[in-house]
Amino acid sequence: MSGAARVGLTIDGRPVEAAAGASVLKAAEAAGIAIPHFCYHPGLEIEGNCRMCLVEIEGYPKLELSCSTVVREGMIVRTSTDRVRAARKDVLEFLLAEHPLDCPICDKAGECLLQDHYGLHGRYAGRMAEVRERREKKIPIGRGLILDRERCVLCTRCVRFLRQVTRTGELGVFERAVGSELGLAEGRPVDNDYSGNLVDICPVGAITSEDFRFRTRAWFLDRRPSVCPRCARGCAVVVESVTGYPLAAGERRVYRVTAGVNPAVNGHWICDLGREGRREIDEGRLGAVLRKGVREPGLAWPGAVAGIAAAVRSVPAAERPGGVAVVLNARLTSEELALARELFVAGLGLRNVFFAGLKPGRADGLLLTAERMPNGRGVLEAGLSPRPPALEALAAARVLIVFGPYLTEHFEAGALGRALAAVPAKFLVSAHAGPLDRLFDAVLPVTVPAEKAGTYTNIDGLRQGFSRAVEPAPGVVPEGAVLARLARSLGLDIGDADAR
Amino acid sequence: MSGAWTAVKEILRGTGITARHFFVNMGLHTLGLFGVRTKRRGAVTIQYPEVRKPLAPRHRSLHRLRPRGDGRPSCVACMLCVTVCPAECITVEAAEDPDPEVQKAPARFVVDLDRCCFCGFCVEACPVDAIRMDTGEIRLASTERADFARRLDRP
């Protein structure tokens, strides 16, 4: 913090230091003093319309907004005097005068700022004699978002997000006074790849997501941080799942993926592609070892790994460098890639180690990168070269080990099928079921990134460690365990402990 | 040897107590038949299931979901009963309701009576007074496990 000027002030009798130009609210938060607020969001410009963050500042005749007042040397701030408390009560009374008693059916209940603040600063006995305004309760505003105008407290976080972050400006506040309401500008629906953030930033339940709507309650969810594996940016995400396991048929395990906070990478936002990542954790997963595309009862993954090891051993050591081919992918963690290098390149001396992956998409200039595999930099750091697979080399192999279902991204199905038919022993290690399953001798089910711990290096070279965000689905193991066991079966002495 | 003697002694003592209750009660009931008022009455046995004791108004019996005007349950699927249930016996699946005034309704509301401890917390937690335990139904025995998972959202 050298260089930036620091300012000393007193908040609630406590000496606090803050960067010059910071708001009183930020300074208080940094000192562990919570000031209630709705419209203030650290990722957006200050608006100061909710009037919830009023504090008493010595020398000012009236209460001041802590979110928009800049700290000054020697400032004396009080956040919990009777005057401040009374003001908060009055502000909340006005907000709640028009707020429906929807908590039982509101998705936001349990993580709602209005509920939290009411618990601390509420005027519990209502004195509203007038009839509440009735407004529309279910307006689709595009991208699976539903607007409830009764619940809206007009904090304009969503309006500011769409103007300042995505710069698409679909939403606005229309009409005046009690008639003010949130609406779509020119009737154009919300249509941008960051729309899911509106649900996260809405401090009440005014904007909810169709995908999550009514599925569960916020307090049942176990929230654990992870790193998004859907592009090379490596945004911080929070995987929200139910802990009780196994589940009844049709029940969801991961209910949603929301934005985590990482100022160095994504700030407070993630894209909708990352949010949809919840589907790949739950849907289309392999749960048991397959042989020629059919479930093989009684064959657990150690048995399948023994099968791979036997196939590799059947190739004479002198012919292995050309006879055994491996296809890796950049979704493997750096630890697993290091293990793969030790095993396939240093240990077996293979010449044909390829990398398959998703086709690059379109970068949107905000967070989403064109590269759609999360650990491309990690591949280089591990000392591997990201060569795309060559069909002739695959077809010429006597043993083929493929990690991930990405070969279909590189070759069309017919040619790939013919090439694989020429390989006498072929094994697939994959988290998801796919068209490749029946082409391989055996398919091993493995974890998705959210189910394992490891390190990804993002497109800017930032190495990010993450830990397990969801308990693994039944019957799956991390790729690292497969690699370590394969190495042990082949008599190679490489870091077994690193795999776990 | 002394252990066996103690056992015989205890059996005889127990039989004596049972016999005493039998003769005392028989004597009291016989006196009652002849209209003699005694200070103590004979023990009362209810001949269940032919004869039933009335249940207290606050007695907690099998759950029910109170219907709305149109017969559908008034439950809004807020899952507070699921949250509060100490036996974790309630499963609620919510669905969108076509009525905009209702919005959220249960697609499935199951109480697993195998696990329910009849504490009545669900009744207390319900914000819309939808679940009640006032059916008076206490004969819940069954030989089929599936019978204990009761769907309350449909009759």
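A residue is called buried here if 20 or more other C-beta atoms lie within 10 Å of its own, exposed if 12 or fewer do, and partly exposed in between, with C-beta atoms placed from the backbone. By that count, buried residues make up 45% of the 500 residues in chain A. This is a predicted model, in which local features need pLDDT of at least 70 and side-chain atom pairs count only at pLDDT 80 or more, while totals for chains, interfaces and linings use all residues. Residues are numbered from 1 along each chain as its sequence is written, and chains are lettered from A and ligands numbered from 1 in the order in which they are written.

**Whole chain**

Select chain A. Its C-alpha trace spans about 90 × 50 × 40 Å along the principal axes. The chain has 15 helices and 22 strands; these are DSSP runs numbered from the N terminus, helices being H or I of at least four residues and strands E of at least two. Among contacts (C-beta atoms, placed from the backbone, within 7 Å) between residues at least 6 apart in sequence, 67% join residues at least 24 apart.

**Domains**

Colour chain A by domain: domain 1 is 6–80, domain 2 is 95–209 and domain 3 is 290–489, with bounds from an automatic or database domain assignment. The centres of domains 1 and 2 of chain A, taken over C-alpha atoms, are 25 Å apart. Ten residues of domain 1 of chain A and twelve of domain 2 of chain A take part in their contact. The domain 1 side has six nonpolar, two polar and two charged residues. In these classes Ala, Val, Leu, Ile, Met, Phe, Trp, Tyr, Cys and Pro are nonpolar, Asp, Glu, Lys and Arg are charged, and the others, Gly among them, are polar.

Next, select residues 54–57 of chain A, strand S3, and residues 64–65, strand S4, which pair in the antiparallel sense over two bridges; pairing requires at least two DSSP bridges between the strands. Leu54(A) has Leu65(A) as its bridge partner in S4(A). Six residues lie between the two strands of this hairpin, and Gly59(A) in the turn has a positive phi of about 100 degrees. S3(A) is also joined by two bridges to antiparallel strand S5, residues 76–78 of chain A, where Val77(A) is the bridge partner of Ile57(A).

**The sheet S11-S12-S13**

Move to the open sheet of three strands in chain A, ordered S11-S12-S13 with antiparallel pairing. S11 (222–227) and S13 (254–259) of chain A each have a single partner strand, so one side of each is left without a neighbour in the sheet. Six bridges connect S11(A) with S12, residues 236–241 of chain A, and Val227(A) is bridged to Ala236(A) in S12(A).

Pick Thr258(A), in strand S13 of chain A. Is Thr258(A) buried or exposed? It counts as buried because it has 22 C-beta neighbours inside 10 Å. Leaving out residues up to four places away in sequence, Thr258(A) touches Asp200(A), Val237(A), Val238(A) and Glu240(A).

**Cores**

A nonpolar core is a set of buried Ala, Val, Leu, Ile, Met, Phe, Trp, Tyr and Cys residues joined through C-beta atoms within 7 Å. The largest has 92 residues, and Val237(A), Val326(A), Leu444(A) and Val482(A) have the most contacts inside it.

**Chain B**

Finally, show chain B: 14 of its residues and seven of chain A form the contact. The chain A side divides into four nonpolar, no polar and three charged residues.

Terms used. Two residues are in contact if their C-beta atoms, placed from the backbone, lie within 7 Å.
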